[in-house]
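Here is a short report on a protein model. It covers a helix, some aromatic contacts and a pocket.

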Amino acid sequence: MKEFRAHHSRWRMGLLLLAALGFVVGGLWMAGVLGEGPDPSSGSRRISPELVPYVGWLCVIFFGMCLLVIARRFFDDAAQVEIGRAGIKVAQWSDATIPWSEIRRVSVWSYQSQKNIILHLRRPEAYPGRGIAAKLSRANRMLTGGDIAINLVGTDGRFDDAMAAIAHFGGHALFD
């Protein structure tokens, strides 16, 4: 079996780019930058006319930041998840490859039909995370019971292929 590698899915990132751009344009319209904004009294709910531009600017700021993150991922060719002889590397977590000897157990956690691969490490402090993944690691442990969650949503990798690679390279003994 060859090593498993998952990269950002260009077509999914492209769809997200278009959606975020649509929300930015909609926010600019609500703020009145692209002509007269929507009539807040039309529709089933009434909103104060003074709030409509603020809601528009909030959309522009939030989805504009999303647009930047998605655009960066669109042009990122690096593998996001690598599973091979040396171990597992999760780019969102760190640049380090976690060797099989440091992985105590692998489990699956799912929520609303989205499956996550959960790594339970022998020494989690030896493989600290970075960025938002590290900041959310405590909540992740409380929710999943594991140290590192691997989610393949937004990548070209398949969950079943990743699990097969873990079983092949890491051994079936890692699974409960």
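The sections below take these topics in turn.

## Basis

This is a predicted model: local features need pLDDT of at least 70, side-chain atom pairs count only at pLDDT 80 or more, and totals for chains, interfaces and linings use all residues. Residues are numbered from 1 along each chain as its sequence is written, and side-chain values use heavy atoms, with hydrogens and water left out.

## Helix H5

Helices (H or I, at least four residues) and strands (E, at least two) are DSSP runs, numbered from the N terminus. Helix H5 covers residues 159-170. Its expected span is 1.5 Å times one less than its number of residues. For twelve residues that gives 16 Å, and the end C-alpha atoms are 16 Å apart, which agrees. Gly-171 follows H5, with a positive phi near 100°.

Phe-159, Ala-162, Met-163, Ala-165, Ile-166, Ala-167 and Phe-169 of H5 are buried. Buried means under 20% relative accessible area, exposed over 50%, and partly exposed in between (1.4 Å probe, protein chains only). The buried residues of H5 pack against strands S1 (4-6), S2 (81-84), S3 (87-90), S5 (103-111) and S6 (114-121). Contact here means heavy atoms within 4.5 Å.

## Aromatic pairs

The structure holds four aromatic pairs. Rings of Phe, Tyr and Trp (its six-membered ring) pair if their centres lie within 6.5 Å; planes under 30 degrees apart count as stacked, over 60 as edge-to-face and the rest as tilted. Phe-23 and Phe-63 are stacked, at 4.4 Å centre to centre and 15° between the planes. This pair links distant parts of the chain: Phe-23 lies in helix H1 (residues 10-30) and Phe-63 in helix H2 (residues 52-74), 40 residues apart. Phe-23 is partly exposed, at 45% relative accessible area. Ring pairs link Phe-23, Phe-62 and Phe-63 into a cluster.

Phe-74 and Phe-75 pair edge-to-face, at 5.0 Å centre to centre and 85° between the planes. Phe-74 is partly exposed at 21% relative accessibility; Phe-75 is exposed at 63%. The charged end of Arg-10 sits over the ring of Phe-74, 5.4 Å from its centre. The test is NZ of Lys or CZ of Arg within 6 Å of the ring centre and within 35 degrees of the ring normal.

## Largest pocket

The largest pocket has a volume of about 1,200 Å³. On a 1 Å grid over the protein atoms alone, a pocket is an open set of points where a 1.4 Å probe fits, with protein on both sides within 12 Å along at least five of seven lines; lining residues have an atom within 4 Å of a point. Of the 35 lining residues, Arg-73, Gln-92, Ile-132, Ala-133 and Asn-151 are the closest to its centre.

Definitions and conventions. Points joined across faces, edges and corners; volume = space filled by probe spheres on them.
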